[in-house]
Amino acid sequence: MISYIYDRKVLVPALIGAGVSIFLAISGLFSLLFLVPLGFLAYRYDYRTAWTGFAFIVIGNILLNFGILNRDISNFLFYIAMAGIFTWIVSPPPASNQVPMSIRLSFGSCLGALLLIFIMGRVISTPFFLDYMDSMLNNFLLSNTGANVVQNALLQSITVEEILDAIMSIMVRGGSLISCILLFTLCRQLGYFLARIILRRKKIDISPSSLVQFHASSILIWVLSISLLLLVLSRLINFKLIEIILWNILILCVILYLAQGIGILQFFLSKPSTPPFMGILFMILFVFLIVSPVLNLVLLVGLTILGITENWVPFRAPKINGPPTTPQA
């Protein structure tokens, strides 16, 4: 009887969470939030419920894919793989629970980026997508035709192939990696937020690690410096494969130092001596800077530099108040 109740407490929320995740994935409008239910299961319950939910997602997608939806097999495998990677990030089994969250997020995002590049390559090469992009480009050219002859000539010289090449170039040089990190981070935080709302004052067994405590490894500064140097050399000799790999390493290092810079800022704002209104004022200012086209870049660069600076200046080192020294005679 006890095992039945226990299994029911695991299976029922896992089944509901999997159903919501599948619905979000095929909804179109909210498809980017399909990982949020898995994050909710991880933070509201435990890793067993989260992985059971993932198993139900696999079963449900197999039934839908080969029964009703009849989707492309690559899209089906991409959804399953992203769900599995995200479940490992937010709710790792005990065997890999000692791996830091930053490592799991970085490694999982790299795997997701490779899958995303593969899927995009397949989609871009389809005739339907090429015709769709060609129609979009023609409509754009018709709506932006003006009296400026030079501008019209430049717009008319743009081709669909050049646009798609530029998109793929950005994606393989870190665009897909940034997309996966943002996707996993957003769904993780939303899942935790929903769990906090439902639990209210109850304690959550698993909580996302705060950026206040996040410290990038000291080796990362060497990885950043060497990858930046090698990136310049690879561009000089036009070695594209090495350049693509170095771009992704460099962007991953920058993102980790950006997270460290945000952690430093949160550390100072969370100090008891900081007035409460300063936190609210900072959040308003932060949102304003993020939505400003130029100021958001300045903010992100500044926070990244702040994170890099902590390699030499210990901003979050605890102050040691020792006993006063007695003067010697």
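Helices here are DSSP runs of at least four residues, numbered from the N terminus. The model is predicted.

**Overall fold**

The protein chain holds 12 helices and 0 strands. Read from the N terminus, its elements run α-α-α-α-α-α-α-α-α-α-α-α. The chain has 329 residues, and buried ones make up 35% of them. Take the contacts between residues at least 6 apart in sequence: 71% of these join residues at least 24 apart.

Asn-238 sits in the loop between helix H9 (220-237) and H10. Its phi is near 60°, a positive value in a residue other than glycine. Is Asn-238 buried or exposed? Asn-238 has a relative accessible area of 55%. The cut-off for exposed is over 50%, so Asn-238 counts as exposed.

**Helix H10**

Ile-245 belongs to helix H10. Its relative accessibility is 43%, which makes Ile-245 partly exposed. Ser-227 lies 18 residues from Ile-245 along the chain, and the C-alpha atoms of the two are separated by 9.3 Å.

H10 spans residues 240-269 and packs with helix H12, residues 295-309. The angle is about 85°, and the axes are 7 Å apart. Angles of 65 to 115 degrees count as roughly perpendicular, so H10 is roughly perpendicular to H12.

Which residues of H10 and H12 meet? From H10 come Val-254, Tyr-257, Leu-258, Gln-260, Gly-261, Ile-262, Ile-264 and Leu-265. From H12 come Leu-300, Leu-303, Thr-304, Leu-306, Gly-307 and Ile-308. By class, this contact has 10 nonpolar and 4 polar residues, with no charged ones.

**The second largest pocket**

The second largest pocket has about 510 Å³ of space. Its lining consists of 17 residues. Of these, Leu-32, Phe-34, Phe-78, Leu-116 and Leu-183 lie nearest the pocket centre. Which elements give two or more residues to the lining? They are helix H4 (73-90), helix H5 (101-124) and helix H8 (160-199). The lining of this pocket has 13 nonpolar residues, 3 polar and 1 charged.

| Contact of H10 with H12 | 10 nonpolar residues | 4 polar residues | no charged residues |

Terms used. Residues are numbered from 1 along each chain as its sequence is written. This is a predicted model: local features need pLDDT of at least 70, side-chain atom pairs count only at pLDDT 80 or more; totals for chains, interfaces and linings use all residues. Side-chain values use heavy atoms; hydrogens and water are left out. On a 1 Å grid over the protein atoms alone, a cavity is a set of points where a 1.4 Å probe fits but cannot get out, and a pocket is an open set with protein on both sides within 12 Å along at least five of seven lines; lining residues have an atom within 4 Å of a point. Grid points are joined across faces, edges and corners, and a volume is the space filled by probe spheres set on the points. Ala, Val, Leu, Ile, Met, Phe, Trp, Tyr, Cys and Pro count as nonpolar, Asp, Glu, Lys and Arg as charged, and the others, Gly among them, as polar. Axes are lines fitted to C-alpha atoms, for helices over the stretch in contact, and angles run from 0 to 180 degrees between N-to-C directions. Angles under 35 degrees count as roughly parallel, over 145 as roughly antiparallel, 65 to 115 as roughly perpendicular and the rest as oblique. Contact means heavy atoms within 4.5 Å. Buried means under 20% relative accessible area, exposed over 50%, partly exposed in between (1.4 Å probe, protein chains only).
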